[in-house]
Amino acid sequence: MQGDARVQVPVTVRMFTQLFSCTPRGARLARRLVANRMDVWGFAYDSEASEAVTLVVAELAANAVQHGRVRGRDFRVRLILRDGHGHGYGGGDVVRVEVSDGRTERLPVLREPGDGEGGRGLLLVAALADRWGTDLCAGGTYKVVWAEIRVPGR
């Protein structure tokens, strides 16, 4: 089988998952723990990569609390750090942010900001992320709003 030898490039994947109470305090805690996790993964607190990921989590967690709250259910934040090679990102690493909540009938919509407060969070997510979207999971019992952010290799 000399002609059929395939080389597999090793891919490093790191993951962080945590449930948070669906409250403003839970959203603040999510932001803090994500900033800490980015630091543990080698992205300093004040780095552009850490600030971008933390801001995306803050916006999506705030949306989960404000628009995705279901009585008695928490929201979940998951970060996945993987090598960006071979994933269509042309180098560097990719952090995938996933925020899950129980309100499947309320999907996020990207809107131009109005005169009032609010409505800018998804615009910020769209500006910071290379891609973002929404998936319905587990037979429609929860939704995941996700964003993928390219970060420099460590």
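Modeller: Here is the sheet, then the helix on it.

This is a predicted model, where local features need pLDDT of at least 70, side-chain atom pairs count only at pLDDT 80 or more, and totals for chains, interfaces and linings use all residues. Residues are numbered from 1 along each chain as its sequence is written, and side-chain values use heavy atoms, leaving out hydrogens and water.

The sheet is open and has 5 strands, in the order β1-β2-β3-β5-β4, with antiparallel pairing. Strands (E, at least two residues) and helices (H or I, at least four) are DSSP runs, numbered from the N terminus. Two strands pair if DSSP finds at least two bridges between them. At the edges are β1 (13–20) and β4 (131–137), each pairing on one side only. From one strand to the next, the twist averages 15°.

β4 pairs with β5 (residues 142–151) in the antiparallel sense, over 7 bridges. R131 stands opposite E148 in β5.

Helix α2 packs on the sheet. It touches β2 (75–83), β3 (93–101) and β5; contact means heavy atoms within 4.5 Å. The direction of α2 makes about 15° with that of β3. Axes are lines fitted to C-alpha atoms, for helices over the stretch in contact, and angles run from 0 to 180 degrees between N-to-C directions.

Now take I80, in strand β2. I80 is buried, because its relative accessible area is 13% (buried is under 20%, exposed over 50%, partly exposed in between; 1.4 Å probe, protein chains only). Beyond four places in sequence, the residues I80 touches include V13, M15, V94 and V95. M15 is 65 residues from I80 in sequence, yet 4.5 Å away in space, C-alpha to C-alpha.
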